[in-house]
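Dear colleague,

I am passing on a structure that you have not worked with before, and my notes on it follow below. Please read them with the model open beside you.

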Amino acid sequence: MATKKVTTTTKKNTPSQKHASEPNYKSTYDQHRKMKKQIAAVIMFTAGVLIGAIVLIKGENVWTWIHNFFYGIFGLSAIILPIALIYIAVMATLDKPIGDIKHKIWQTGVLMALFCGLFEICIKTPYVGDNFVDVLGNLFENGVLLKGGGLFSAILGWPLFAACGKAGSITIIILLLFAFIMLLSGATLIGFFKGVAKPVKKMSDSYVQKREDIEKKRQTKFDIDVDLGPEVLPNHPVYSPKPTPQELQQIEKQKNEELKQNQKGKSFDIDDNPIDELINQAISDGSKK
């Protein structure tokens with residue numbers, strides 16, 4: 001018996017179908033990254049609020065011990081830590097381009113070390129003590145008493161103070177603070193300069209406006225308002241009547257008479273002057289005698 005051959009055809013997938021069938025790993029990764037970012041933002045916001053409450057409220061028992069511990073570590077800059085954490089959490093929640101939160105955590109630590117060092121160096125006698133342990137103990141105690149930058153100021157402030165002195169270390173710390181605040185906030189130099197230019201422009205505009213107001217007040221002092229009565233205007237439209245033919249003839253006669261009189265005045269002869277006649281007659285009479 002003859003057997004029929006069965007031919008099987010396999011459909012080839014087009015490139016578009018292949019891409020559609022493959023899972024979109026990039027979108028999945030972005031969603032996972034955003035989810036992790038939002039979770040980290042919630043944790044940081046909660047931690048910032050809790051640390052802020054511990055720093056601001058003295059409390060009792062364990063709360064008081066933690067309160068003093070934060071001030072002993074960070075000193076006067078203890079309040080900056082919760083503000084920085086809450087700021088990073090809010091920016092991450094709004095999905096602002098601030099970068100990875102991991103980097104923001106160590107940048108916040110460096111920022112705190114700079115602030116602590118600045119507050120410690122700015123006091124009258126920074127880093128007092130006979131040896132290394134005494135200095136650290138005094139830093140912690142002064143931090144609890146809100147005198148200085150606390151124990152954390154020894155990380156960057158103490159080496160800079162020992163190497164560059166008071167003025168040099170303050171200058172370096174201020175420049176580093178500017179750099180790390182820019183990194184932490186994700187700001188750019190262009191945005192910084194624009195932000196600085198806005199209040200300057202606003203101040204200049206307000207100054208110009210005040211000068212214009214002063215000039216207007218000066219002008220109003222010398223402007224005397226005199227009552228000239230109601231202003232009478234002619235009826236509109238203004239109509240001037242045309243002269244009649246008789247009036248035109250009369251005007252022409254007057255012009256002709258004026259021309260004749262002018263011609264007579266021009267033809268006046270000097271010899272007909274009566275004064276000259278009197279002089280000539282007097283001369284003739286004298287000659288006869």
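Predicted model: local features only at pLDDT ≥ 70, side-chain atom pairs only at ≥ 80, totals over all residues.

Residues are numbered from 1 along each chain as its sequence is written, and side-chain values use heavy atoms, with hydrogens and water left out.

(The expected span is 1.5 Å times one less than the number of residues.) Its buried residues are G157, L160, S169, I173, L177, F180, M182 and L184, buried meaning under 20% relative accessible area, exposed over 50%, and partly exposed in between, with a 1.4 Å probe and protein chains only. After helix 7 comes G186, whose phi is positive, near 70°.

As for the whole protein, it has ten helices and zero strands; helices (H or I, at least four residues) and strands (E, at least two) are DSSP runs, numbered from the N terminus. Of its 289 residues, 21% count as buried. Among contacts with a separation of 6 or more, 69% come from residues 24 or more positions apart, contact meaning heavy atoms within 4.5 Å.

Two helix pairs deserve a description. Helix 5 and helix 7 pack at an angle of about 140°, with their axes 9 Å apart; axes are lines fitted to C-alpha atoms, for helices over the stretch in contact, and angles run from 0 to 180 degrees between N-to-C directions. That makes helix 5 oblique to helix 7, given that angles under 35 degrees count as roughly parallel, over 145 as roughly antiparallel, 65 to 115 as roughly perpendicular and the rest as oblique. The residues that meet there include W106, L111 and F115 in helix 5 and F161, I173 and F180 in helix 7.

Helix 4 (residues 80-93) and helix 5 (residues 101-121) pack at an angle of about 155°, with their axes 10 Å apart, and they are therefore roughly antiparallel to each other. On the helix 4 side the contact is made by I80, L81, A84, I88 and A92, and on the helix 5 side by I101, K104, T108, M112, F115 and F119.

Helix 3 (residues 62-74) holds I73, which counts as buried at 14% relative accessibility. I73 and L151 lie 78 residues apart in sequence but 4.7 Å apart in space, C-alpha to C-alpha. Not counting residues up to four places away in sequence, I73 touches F140, G149, G150, L151 and F152. H67 is also placed in helix 3 and is buried, with a relative accessible area of 9%; leaving aside neighbours within four places in sequence, H67 is in contact with I54, V55, I57 and K58.

Finally, two loop residues. N61, in the loop between helix 2 (25-56) and helix 3, has a positive phi of about 55° although it is not a glycine, and N61 is exposed at a relative accessible area of 67%. L146, in the loop between helix 6 (132-144) and helix 7, has a positive phi of about 60° although it is not a glycine, and L146 counts as partly exposed at 42% relative accessibility.
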